[in-house]
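Colleague: Please take a close look at one helix and its packing. Give me the cut-offs as you go.

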Amino acid sequence: MTRVALIAHDEKKSELIEFAQSHEEQLREYELIGTGTTGKRVMEATDLEVERKESGPLGGDLMIGSEVAEGLLDGIVFLRDPLRAQPHEPDISALLRICDVHDTALATNLASAEFLIEGLAD
């Protein structure tokens, strides 16, 4: 089964929730994982099941990165807040780098997220 991670910085969580709601039918076809708070909010707002890792600042980004390194993820939707510094920026950079190393699809905005979930459906 196709496995997709859902991650969003605090200022982008509402956008990810709306995205998940409007694409719920398609996302239901995937096995979803997410960082702690994001995964919880997606499950509360939809009927989707999300395997929750730790919150990003507590290592959730690294946990998802490890799944990329193990070849267990097909894609990541990571809505990042480009206007605010994040206290766990090194973890975020590591996740982005591991996606590049392992050629894993990574969407960091809504436009690319649309392409990612539609592309994985093919």
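**Helix H4 and its surroundings**

Modeller: Helix H4 crosses helix H5 with left-handed geometry; that is, the near helix is turned anticlockwise from the far one by less than a right angle. This is a predicted model, where local features need pLDDT of at least 70 and side-chain atom pairs count only at pLDDT 80 or more, while totals for chains, interfaces and linings use all residues. Residues are numbered from 1 along each chain as its sequence is written, and side-chain values use heavy atoms, without hydrogens or water.

H4 spans residues 60-69 and H5 residues 89-101. Both are DSSP runs (H or I, at least four residues; strands are E, at least two), numbered from the N terminus. Their axes are 9 Å apart, at an angle of about 15°. Axes are lines fitted to C-alpha atoms over the stretch in contact, and angles run from 0 to 180 degrees between N-to-C directions. H4 is therefore roughly parallel to H5 (angles under 35 degrees).

Contact means heavy atoms within 4.5 Å. H4 supplies Asp-61, Leu-62, Ile-64, Gly-65, Val-68 and Ala-69. H5 answers with Asp-91, Ile-92, Ala-94, Leu-95, Ile-98 and Cys-99.

Now burial (under 20% relative accessible area, 1.4 Å probe, protein chains only). In H4, Gly-60, Asp-61, Ile-64, Gly-65, Glu-67 and Val-68 are buried. They line one face of the helix, because they fall within an arc of 155° seen down its axis. That arc uses directions from the axis to the C-beta atoms. Their cover includes H5 and strands E1 (3-8), E2 (31-34), E3 (50-52) and E4 (75-79).

Just after H4, Gly-71 has a positive phi of about 75°.

Note on methods. Parallel < 35°, antiparallel > 145°, perpendicular 65-115°, else oblique. Buried < 20%, exposed > 50% of the residue type's maximum accessible area, 1.4 Å probe, protein only.
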